[in-house]
Amino acid sequence: MKDPWKEKIMCMIQCPRCGSSLKAEDERILSVYDHEPVCMKCKGEEEKRPDYADVSKMMIGQCLIDTEMAYSDPGGYCYHHFYPYKC
Ligand SMILES: [Zn+2]
């Protein structure tokens, strides 16, 4: 079964947030704010936001309910909000 988010993050050649281009070997990660794949630079910016801790906590709770997956499930949707995805 193919997950739509995986295809999105895998095929991303440009960060939708900052517009910087991504090579196949560049890491990308899902935003905890809008669940869109972003580059690591944008993720760094997100982490500096004062509400990041709260938003990510809420997001992970909701994600586990939605996907019925364990947080530690490697390669899972929830997981890649916190761990970079590499093609
Ligand atoms: Zn970016």
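**Colour by confidence**

Begin by colouring the chain by pLDDT. The mean over the chain is 89, and 91% of its residues reach 70 or more. Select helix H1, residues 4-11, where confidence is lowest, at a mean of 86. Then select helix H2, residues 40-47, where confidence is highest, at 97. Where pLDDT is low, the predicted coordinates should not be read in detail.

**Select the zinc ion**

Next, display the zinc ion together with Cys15, Cys18, Cys39 and Cys42, which coordinate the ion through their SG atoms at 2.3 Å. What is the geometry of this site? The site is tetrahedral, with angles of 106 to 115° among the four donor atoms. For reference, ideal angles for four tetrahedral donors are 109.5 degrees.

Along the sequence, the donor residues of the zinc ion follow the spacing C-x2-C-x20-C-x2-C. Cys18 and Cys39 form a pair that links distant parts of the chain, 21 residues apart. Cys18 belongs to the loop between H1 and strand S1 (28-30), whereas Cys39 belongs to strand S2, residues 37-39.

Is Cys39 buried or exposed? Cys39 is buried, because its relative accessible area is 5%, and buried means under 20%. Cys18 is partly exposed, with a relative accessible area of 37%.

**Return to His35**

The backbone deserves attention here: phi of His35 is near 65°, a positive value in a residue other than glycine. Most residues other than glycine have a negative phi. In terms of accessibility, His35 counts as partly exposed, at 32%.

**Select helix H2**

Moving on to helix H2, select Cys42, Lys43 and Glu46, the buried residues of this helix. Viewed down the axis of H2, these residues fall within an arc of 105°, so they line one face of the helix. Show S1, S2 and H3 as well; these elements are included in what covers the buried residues of H2. Cys42 is also one of the zinc ligands, through its SG atom.

**Select helix H3**

Helix H3 comprises residues 52-67. How far apart are its end C-alpha atoms? They are 22 Å apart, which agrees with the span of 22 Å that 16 residues should give at 1.5 Å a residue.

Within H3, select the buried residues Tyr52, Val55, Ser56, Met59, Ile60 and Cys63. Seen down the axis of H3, they fall within an arc of 130°, so they line one face of the helix. What covers these buried residues includes H2. Turning to the other side of H3, one finds Lys57, Met58 and Ile65 exposed.

- Ser56 lies in H3 and counts as buried, at 8% relative accessibility. Apart from its neighbours within four places in sequence, Ser56 is in contact with Val32 and Phe82. Its C-alpha atom is separated by 7.8 Å from that of Tyr33, 23 residues apart along the chain.
- Leu64 is also placed in H3 and is partly exposed, with a relative accessible area of 28%. Leu64 and Pro4 are 60 residues apart in sequence, with their C-alpha atoms 17 Å apart in space.

Just after H3, inspect Glu68, which takes a positive phi of about 55°.

**Follow the chain beyond H3**

Finally, select His80, which is found in the segment after H3. Which residues does His80 contact, leaving aside its neighbours within four places in sequence? These contacts are Trp5, Ile29, Leu30, Gly75 and Tyr85. His80 counts as buried, at 6% relative accessibility.

The last stop is Tyr83, also placed in the segment after H3. Tyr83 counts as partly exposed, at 38% relative accessibility. A distance drawn between the C-alpha atoms of Tyr83 and Leu22 reads 17 Å, for residues that are 61 residues apart along the chain.

Methods: Residues numbered from 1 in each chain as written. Predicted model: local features only at pLDDT ≥ 70, side-chain atom pairs only at ≥ 80, totals over all residues. Heavy atoms only, no water. pLDDT = per-residue confidence, 0-100. Helix = DSSP H or I, 4+ residues; strand = E, 2+ residues; numbered from the N terminus. Expected span 1.5 Å × (residues − 1). Buried < 20%, exposed > 50% of the residue type's maximum accessible area, 1.4 Å probe, protein only. Arc of directions from axis to C-beta. Contact = heavy atoms within 4.5 Å. Donors = N, O, S within 2.8 Å, 3.2 Å for Na, K, Ca; no water. Tetrahedral: all angles 85-135°; square planar, octahedral: opposite > 155°, others 65-115°.
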